[in-house]
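Dear colleague,

I am passing on the structure below, together with some notes on its charged side chains. Please read the notes with the model open beside them.

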Amino acid sequence: MENLSYKGLDFVPYISREEIAIKVKELAKMITCDCQGKNPLFVCVLNGAFAFASDLFREVEMDAQITFIRLKSYIGTGSCGKVKVLSDFTEDITGRTIIIVEDIVDTGKTMKRLISDMEKLNPAEIKVASLFFKPESLQCDITIDYVGFNIPNKFIIGYGLDIDEMARNLPSIYILKSSD
């Protein structure tokens, strides 16, 4: 892995594709154990979580279904502070176990909004799987049931995460190089 530049910003290697694959398998085993016999519905938050959701869903060893919702709360390298629903899903989730699959949780505002919206549809339970979590950025009272990596409050790209829709196809994670 070598350093990269996007939009005039420098990024350095942070988490390899091999480390990601190991973590995804660990999370899938936990979900399989916790949700056996429940036929959960995985709700992938597009666009960023598509790579994680795809890999996670294939590693889960039980009957399950997957659907997608598209939200946006980032512009460039920062959160815009508002959650915009770009496309909703239409599945009936009454009485279902829901597993929201997110790429990254930082402030928690997007996840809080999504959980609140889904609770109105009467699922049996809602669980959250996030590959990345920035605990020092959290501003909401939410629970993330399955966390891949706790990371610092720095901007990352790759494995589905972008900078203005670029770099999603990188198989590894890169972190914004510090200026210090």
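Predicted model: local features only at pLDDT ≥ 70, side-chain atom pairs only at ≥ 80, totals over all residues.

The side chain of Glu26 forms a salt bridge with that of Lys23, with 3.3 Å from N to O. Both residues belong to helix α1, which spans residues 17–35, and they are 3 residues apart, about one turn of the helix.

Another salt bridge joins the side chains of Lys38 and Glu125, at 2.8 Å from N to O. This pair connects distant parts of the chain, since Lys38 sits in the loop between α1 and β3 (41–46), whereas Glu125 is in strand β7 (residues 125–133), 87 residues away. Lys38 is partly exposed, its relative accessible area being 36%, and Glu125 is likewise partly exposed, with a value of 23%.

Glu125 also meets the side chain of Lys127 in a salt bridge, here with 3.9 Å from N to O. Lys127 has a relative accessible area of 15%, which is under 20%, and so the residue is classed as buried. Taken together, Lys38, Glu125 and Lys127 are linked in a network of salt bridges.

Key:
Residues numbered from 1 in each chain as written. Heavy atoms only, no water. Salt bridge = Lys/Arg side-chain N within 4 Å of Asp/Glu carboxyl O. Helix = DSSP H or I, 4+ residues; strand = E, 2+ residues; numbered from the N terminus. Buried < 20%, exposed > 50% of the residue type's maximum accessible area, 1.4 Å probe, protein only.
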